[in-house]
Amino acid sequence: MKGIQSQKVINVEVLKKQTSRLTREQLNPYLKEYVEKYGTKDYHGEANEINILCSNVESITFHDDTNMEGIMPVCYGTVEHQYHIFTIEDSGPELQELDDKEDEVPAATHWQLPSSEFHGLWETLIYDNNVKMQLLNFVQTTMLFSDRGVNSNIISWNRVVLLHGPPGTGKTSLCRALAHKMAIRLSHRYSNSQLVEINSHSLFSKWFSESGKLVMKMFAKIQELIEDPDCLVTVLIDEVESLARARQSASSNNEPSDSVRVVNALLTQIDQIKRYCSSNYVRQVRL
């Protein structure tokens with residue numbers, strides 16, 4: 001069977017040194033020169049003939065995202081290199097706390113991306129299927145639909161990803177790695193990328209009827225972030241099964257109605273954020 005004629009895309013991820021003052025436009029000609037001289041050979045600081053790269057670039061890695069199982073063979077007439085130039089944040093996570101009457105409740109962990117703690121994590125995650133490539137394609141399609149103003153009433157699509165599986169199978173790590181990867185791939189479009197990791201257990205207040213208010217306070221802060229058009233925001237809701245259990249128990253009259261309030265408030269806030277038509281918001285929900 002003959003393949004489909006198409007253009008092959010190689011993603012070139014370029015980690016720029018913190019001390020470099022070169023702009024993306026200034027680096028691009030030297031990156032193209034590197035590809036002409038050395039092809040798709042990864043670079044990790046070794047000496048070469050392009051001295052300006054040695055003094056400004058930590059690493060260059062090449063990624064072919066087209067090798068997915070279950071697709072028709074493709075005959076590539078041309079190859080396009082897409083350059084993603086980025087720097088690494090070393091600041092580490094920040095703990096976001098909410099006021100719960102007289103208490104300060106640790107509600108979320110806030111990461112600036114790309115982060116040194118997640119760098120290289122994507123490549124270390126090995127699965128027996130193409131879930132990583134499927135997630136990348138999903139996010140890219142989401143961005144495309146948002147850019148083109150696709151009406152979700154005509155073409156049904158969702159900006160929520162639900163990952164499920166036994167404990168210890170890498171669901172949280174995959175979400176973090178995906179957020180980090182998209183911060184790199186979209187660095188030309190968003191000058192700032194952030195990951196907000198919410199632990200579901202922290203959304204329950206010890207004070208009756210206050211849990212729903214905690215959820216609203218949390219998402220009010222998230223909405224402040226996504227209103228910035230230059231910021232790519234990923235929200236990871238971890239251990240979300242605790243919310244499902246709380247709602248199920250409450251419906252069986254085994255828990256007070258506050259458990260229902262927090263779940264309903266969370267679902268309402270997610271629906272409200274989904275109304276943002278801009279493509280700077282991608283959500284991953286881990287179950």
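How far apart should the ends of helix H1 (residues 24-38) be, and how far apart are its end C-alpha atoms? At 1.5 Å a residue, the 15 residues of H1 should span 21 Å. The end C-alpha atoms are 20 Å apart, which agrees. This is a predicted model.

**Helix H1**
- Leu-27, Leu-31, Tyr-34 and Val-35 are buried in H1.
- Seen down the helix axis, the buried residues of H1 fall within an arc of 95°, so they line one face.
- An α-helix has 3.6 residues a turn, so residues three or four places apart point the same way.
- Glu-25 and Glu-36 are exposed, on the face of H1 turned away from its buried side.
- Gly-39 follows H1 and has a positive phi, near 70°.

**Nonpolar cores**
- The largest nonpolar core has 26 residues.
- Leu-113, Trp-122, Leu-174, Leu-178, Met-182 and Leu-195 have the most contacts inside this core.
- Elements giving two or more residues to this core are strands E5 (103-113), E6 (160-163) and E8 (231-238), along with helices H3 (121-124), H4 (131-148) and H5 (171-185).
- H5 gives the most to this core, with 7 residues.
- Beyond its neighbours within four places in sequence, Leu-113 is in contact with Glu-89, Phe-118, Ala-179, His-180, Ala-183, Ser-193, Gln-194 and Leu-195.
- A second, separate core has 22 residues, including Phe-219, Val-235, Val-262 and Ile-273.

**Strand E8**
- In E8, 8 of the 8 residues are buried, so the strand is largely enclosed by the rest of the structure.
- In a regular strand the side chains alternate between the two faces of the sheet.
- Both faces of E8 are covered. One side holds the buried residues Cys-231, Val-233, Val-235 and Ile-237.
- E8 pairs with strand E7 (residues 192-199) in the parallel sense, over 8 bridges.
- Thr-234 in E8 stands opposite Leu-195.

**Glu-13**
- Is Glu-13 buried or exposed? Glu-13 is buried, with a relative accessible area of 4%.
- Strand E1 (residues 4-16) contains Glu-13.
- The side chains of Glu-13 and Lys-181 are joined by a polar contact of 2.9 Å.
- Leaving aside neighbours within four places in sequence, the contacts of Glu-13 include Ser-59, Ile-60, Thr-61 and His-63. Glu-13 is also in contact with His-84, Phe-86, Lys-181, Ile-184 and Arg-185.

Conventions. Residues are numbered from 1 along each chain as its sequence is written. This is a predicted model: local features need pLDDT of at least 70, side-chain atom pairs count only at pLDDT 80 or more; totals for chains, interfaces and linings use all residues. Side-chain values use heavy atoms; hydrogens and water are left out. A nonpolar core is a set of buried Ala, Val, Leu, Ile, Met, Phe, Trp, Tyr and Cys residues joined through side-chain atoms within 4.5 Å. Buried means under 20% relative accessible area, exposed over 50%, partly exposed in between (1.4 Å probe, protein chains only). Helices (H or I, at least four residues) and strands (E, at least two) are DSSP runs, numbered from the N terminus. Contact means heavy atoms within 4.5 Å. Two strands pair if DSSP finds at least two bridges between them. The expected span of a helix is 1.5 Å times one less than its number of residues. The arc is that of the directions from the helix axis to the C-beta atoms. A polar contact is a pair of N or O atoms within 3.5 Å; within protein, one must be able to donate a hydrogen and the other to accept it, and residues adjacent in sequence count only if both atoms are side-chain atoms.
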